[in-house]
Amino acid sequence: MTAEPARSAGRMRASDADREAVVEVLREAAADGRIDLDELDTRLGLALAAKTRGELEPLTDDLGPAVPESDSEPLTLRGGFHGAERTGRWKVPPRILAYGGLGGVRLDFTQAECLLREVEVEVDAQMAGVKIVIPAGWKADTDGLDLALGGMKDKTTGERLPGTPVLRITGSCGAGGVLIRHPNLRERRKQRKQLSR
């Protein structure tokens, strides 16, 4: 008698929310190094094509709980006198601290590897400000940002594609301000050249 409800639950049709929950678990497992990128691609394909909950269950059965995000060290960038930046190919951690100083900080996520659903970016723009470049389809949530004197300019579309990260940007815009934008034409051309090599 107890096995019947389990069998029926496995035959129940999977909703978009069911599939999205499995996708999130898989991305976190890849970010933690519990599965590699090839296995992530395979499992994501199966998750997105799953019709029933029974097809989704085996995709996460062997994955234990993720390490809490608070256990990992944040990436800290200090602008100082000469500025600091993180550009090109880099792995995005769950938490980033950006201090503008007198030289400013530039965070470019265009070519970054991000397997996380959410990334916390805490800024203190100080005198020179913080510039954040995100790919089209990513979303920046600035509700927790103190505009201070420098203010904030969000030049992104604000539209988020399914499965892409959300940057939760908090902290202070200081005197230098915070700018969030998508890659400009010159940056897109440069990226296309790099990809064609």
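A: **The sheet and one of its residues**

Aspartate 108 has its place in strand β4, which spans residues 105–108; strands here are DSSP runs of E with at least two residues, and helices are runs of H or I with at least four residues, numbered from the N terminus. The structure is a predicted model, in which local features need pLDDT of at least 70 and side-chain atom pairs count only at pLDDT 80 or more, while totals for chains, interfaces and linings use all residues. Residues are numbered from 1 along each chain as its sequence is written, and side-chain values use heavy atoms, with hydrogens and water left out.

With a relative accessibility of 9%, aspartate 108 counts as buried (buried means under 20% relative accessible area, exposed over 50%, partly exposed in between, with a 1.4 Å probe and protein chains only). The side chains of aspartate 108 and threonine 110 are joined by a polar contact of 2.4 Å; such a contact is a pair of N or O atoms within 3.5 Å, where within protein one must be able to donate a hydrogen and the other to accept it, and residues adjacent in sequence count only if both atoms are side-chain atoms. Apart from neighbours within four places in sequence, aspartate 108 is in contact (heavy atoms within 4.5 Å) with Arg86, Thr87, Trp90 and Val133.

The open sheet consists of 5 strands in the order β2-β4-β6-β11-β9, with parallel pairing; two strands pair if DSSP finds at least two bridges between them. Because β2 (84–86) and β9 (152–154) stand at the edges with a single partner strand each, one side of each is left without a neighbour in the sheet.

Strand β11 (residues 178–181) pairs with β9 in the parallel sense over 3 bridges. Strand β6 (residues 130–133) also pairs with β11 in the parallel sense, over 4 bridges. Valine 178 in β11 is the bridge partner of valine 130 and of methionine 152. Further along β11, leucine 179 stands opposite lysine 153. In a regular strand the side chains alternate between the two faces of the sheet. In β11, Val178 and Ile180 point one way and Leu179 and Arg181 the other way, and all are buried.

As to confidence, the protein averages a pLDDT of 86, and 88% of the residues score at least 70; pLDDT is the predictor's confidence in each residue, from 0 to 100. Over residues 1–8 the pLDDT stays under 50, and the model has 1 contact beyond four places in sequence for them. Where pLDDT is low, the predicted coordinates should not be read in detail.
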